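Here is a short briefing to read with the model open beside you.

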Amino acid sequence: MELTLAAAALAVVLIFAVARPHKWPEAVVAVPVAALLIATDVVSLSQAADEVGRLLPVVGLLAAVLVLARLCADEGVFRAAGAVMARATDGSQNRFLAGVFAIAAATTAILSLDATVLLLTPVVLATASILSVPARPHAYATAHLANSASLLLPVSNLTNLLAFTAAGVSFLGFAGLMTLPWLAAVAVEFILLRWLFRRDLSLPPKLVAQEAVHVPVFPLVVLGLTLAGFVVASMLGMSPAWAALGGVLVLSGRSLARGHTTVTRLVSAADVPFLVFVLCLGVVVDAVMVNGLDTVMRGLLPTGQGLPALLGIAAVAAVLSNVVNNLPAVLVLLPLVSATGPGAVLAVLIGVNIGPNLTYVGSLANLLWRSVVHREMTTSATEFSRVGLCTVPVTLAVAVVALWVGLRLSGL
């Protein structure tokens with residue numbers, strides 16, 4: 001009975017998060033559902049408190065990165081990126097696509113997938129309109145890279161932050177192990193999307209007047225120092241959230257003084273309702289796990305860190321992501337593989353980051369992307385999944401093989 005109630009609660013929370021009627025925050029349902037599970041003793045208060053305590057540092061770092069991304073947008077980083085993409089086109093859509101890939105991969109890795117979806121995608125759509133070319137290939141590039149290119153750093157994705165904690169490696173160790181999978185995923189996505197949209201990409205872009213690109217040096221320097229701070233904080237055994245907070249304080253002080261942003265805008269960028277939703281979702285998933293789902297999932301997961309096992313773990317994670325969304329999927333799977341070693345944890349991460357490119361419900365980023373692009377182009381769940389079927393299996397397999405090679409080279 002407890003497992004049935006917990007599973008029903010998880011379904012209600014996820015359905016609401018996907019549908020978001022009237023654009024209500026996900027926390028509107030997640031908070032009372034989590035409270036109900038505690039009140040009915042489906043999950044104990046102490047278990048819920050332990051789960052919230054485990055997630056709080058992760059949520060704090062996510063909040064800081066979201067604010068940092070908004071500050072970069074207010075300081076013109078993404079406007080400059082659009083100008084660079086337009087200048088680099090030089091009569092070829094393939095060059096435009098390559099520019100989108102390079103900037104989207106870097107944006108996702110450094111500022112998180114939310115920055116790519118919410119801040120870079122509108123710039124890409126506007127640039128495509130200026131160049132009079134079909135927006136579809138370039139928009140799908142931002143959608144796929146928001147997921148696939150989020151493999152590199154712990155701060156690239158909320159799922160990464162959770163896996164980083166479970167893997168027991170340093171910031172540099174995480175980045176080192178995920179560099180090959182990240183490069184492989186981006187390269188495979190580029191080749192496949194270029195092939196899938198070859199007809200759209202064959203149309204020459206319109207020549208536009210070349211404007212001078214204003215490079216926002218100060219924000220870029222702050223970003224670089226913040227990244228260095230992530231490494232230093234990890235080496236000192238501190239949370240990377242402190243480095244992110246330092247970057248936010250420096251950049252927000254300058255932006256507020258120059259009138260480029262407001263306190264209200266910064267608070268909104270932190271997306272507190274979503275952060276509360278993440279904490280409540282953790283409690284709901286914990287309720288499902290402690291009441292029997294952990295036993296079921298443990299029977300489905302391969303054991304070990306050999307290549308067949310890693311491929312199997314990633315495949316299970318990818319499928320589960322498209323059934324219940326990638327955030328609950330990673331919360332379910334990480335406790336089951338963390339004792340196996342970092343390879344199994346990172347295989348789960350590859351599955352929950354690349355797998356969501358298969359369906360809209362695979363990640364919340366997909367749903368955000370859909371709402372961003374709907375004014376500029378028509379798309380459907382069928383088309384999204386058709387593109388995903390052509391890219392996800394190959395990208396997933398190649399990224400896992402790259403992870404296995406990295407593990408062998410590092411001696412893990």
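Predicted model: local features only at pLDDT ≥ 70, side-chain atom pairs only at ≥ 80, totals over all residues.

Residues are numbered from 1 along each chain as its sequence is written, and side-chain values use heavy atoms, with hydrogens and water left out.

- Glycine 173 sits in helix 9; helices here are DSSP runs (H or I, at least four residues), numbered from the N terminus.
- Between the C-alpha atoms of glycine 173 and valine 231 there are 9.8 Å, and along the chain the two are 58 residues apart.
- Helix 9 also holds leucine 180, which is partly exposed at a relative accessible area of 36%.
- Helix 9 (171–196) and helix 19 (381–410) each supply at least two residues of the patch, and helix 19 gives the most, with three.

**Pocket and cavity**

- Rolling a probe the size of a water molecule over the atoms shows where empty space is left.
- On a 1 Å grid over the protein atoms alone, a cavity is a set of points where a 1.4 Å probe fits but cannot get out, and a pocket is an open set with protein on both sides within 12 Å along at least five of seven lines; lining residues have an atom within 4 Å of a point.
- Grid points are joined across faces, edges and corners, and a volume is the space filled by probe spheres set on the points.
- The largest pocket holds about 1200 Å³ of space.
- Its lining has 38 residues, with Arg20, Asp114, Leu118, Asp271 and Leu368 nearest the centre.
- Elements that give two or more residues to this lining include helix 1 (2–19), helix 6 (113–131) and helix 14 (272–300).
- Helix 18 provides the largest share of the pocket lining, seven residues.
- There is one cavity of 30 Å³ or more, and the largest cavity has about 40 Å³ of space.
- Among the residues lining the largest cavity are Val65, Ile110, Leu223 and Phe230.
- Helix 11 gives the most to the cavity lining, with four residues.

**Salt bridges**

- Side chains of opposite charge can pair when their charged atoms come close.
- Counting a side-chain nitrogen of Lys or Arg within 4 Å of a carboxyl oxygen of Asp or Glu, the total comes to four salt bridges.
- Arginine 54 pairs with glutamate 51, their closest N and O atoms being 2.7 Å apart.
- Both of these residues lie in helix 3, three residues apart, or about one turn of the helix.
- Arginine 54 is partly exposed at 38%, whereas glutamate 51 is buried at 9%.
- Aspartate 74 forms a salt bridge with arginine 265, with 2.9 Å between the closest N and O atoms.
- That pair links distant parts of the chain, helix 3 for aspartate 74 and helix 13 for arginine 265, 191 residues apart.

**Two buried residues**

- Proline 356 is in the loop between helix 17 (342–354) and helix 18 (364–373) and is buried at 0% relative accessibility.
- Leaving out residues up to four places away in sequence, proline 356 touches Asn147, Ser321 and Phe384, among others; contact means heavy atoms within 4.5 Å.
- Asparagine 353 is in helix 17 and is buried, with a relative accessible area of 0%.
- The contacts of asparagine 353, with residues up to four places away in sequence not counted, include Asn147, Ser148 and Asn160.

Methods: Buried < 20%, exposed > 50% of the residue type's maximum accessible area, 1.4 Å probe, protein only.
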